[in-house]
Amino acid sequence: MPIFGIVKKICCVCLASLMLFASLPLLSVESDAVTPTYYVSNEYKSSKYYKALKDYKLTGDERYDLVSIALTQYGYHEGNDDSDMSGSNLEGFKNFAEYNRMYGKLDNGEGNGMSYGYSWCAAFVSWCLRQARVPEETLETFVSCSKAVRTFRAEGIFKEKSSGYIPLAGDIIFFVKPEDAAMGYVASHVGMVVGCDGEFVYTIEGNTDLLKVCQKKYPLDGEKIVGYAVPEYKTVEGTLYDFPL
């Protein structure tokens, strides 16, 4: 075969290989690494909570990753201004939290003006969802509990407490205080389910009465529980949701 014929044949093979490669999805070398989805504050970057987040390796099971990422933030305490985001200010009480940075500044009438200082329980859940790479299409970012419940009910992914549903790790649990319900709120607090033993549901929540991320438990028929958002998460067969309760 003439040399130009060999070159032509090799080039055709190379071109075919390039076309096949181009048709394949691009894979990240660090596909299991947690990459924050927003501009992280310098204060948070220097904190143990950021280190714990970055040390976590995603498994691809969205339920497991969501709860695991939430647990890396256990103990994070709210601060007093936009630069107080490290989570270490145990005297903080003005609702400034790193998780609000992902959503943006708001003025919700709590006296902090247009800032990152607003009730952050929903922002924490949304932050964990996005860091766990749960798509917006699966469960959208939200900062209003009442609006979220209405949306999830309309989407058919909300299980009312009265239905007898037994929650799973990764479900989103909504609460309302009697005084808030009297004011027309559908829900006024939210967290994530860590597990359930058939009698109690165990959670991890932000913006609690302790002003930090912590774990709690409630009777399944607890008065304040409204119900659960149950997204169609991507899961990995065989994953055990055996978190400490």
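**Close-up views of a predicted model**

**View 1. Met102 is a buried residue, with a relative accessible area of 17%.** Buried denotes under 20% relative accessible area, exposed over 50%, and partly exposed in between (1.4 Å probe, protein chains only). The structure is a predicted model, in which local features need pLDDT of at least 70, side-chain atom pairs count only at pLDDT 80 or more, and totals for chains, interfaces and linings use all residues. Residues are numbered from 1 along each chain as its sequence is written, and side-chain values use heavy atoms, with hydrogens and water left out.

View 2. Helices (H or I, at least four residues) and strands (E, at least two) are DSSP runs, numbered from the N terminus. Leaving aside residues up to four places away in sequence, Met102 touches Thr37, Tyr38, Ser126, Trp127, Arg130, Gln131 and Thr141; a contact requires heavy atoms within 4.5 Å. Tyr116 lies 14 residues from Met102 in sequence, at a C-alpha to C-alpha distance of 9.5 Å.

**View 3. Helix H6 (residues 121–131) is largely enclosed by the rest of the structure, because 11 of its 11 residues are buried.** Among these buried residues are Ser126, Trp127, Arg130 and Gln131, each of which is touched by Met102. The buried set also includes Cys121, Phe124, Cys128 and Leu129. Just after H6, Arg133 adopts a positive phi of about 65°.

**View 4. The protein contains 8 helices and 6 strands.** From the N terminus on, the order of elements is α-α-α-α-α-α-α-β-β-α-β-β-β-β. Of the 245 residues, 47% count as buried.
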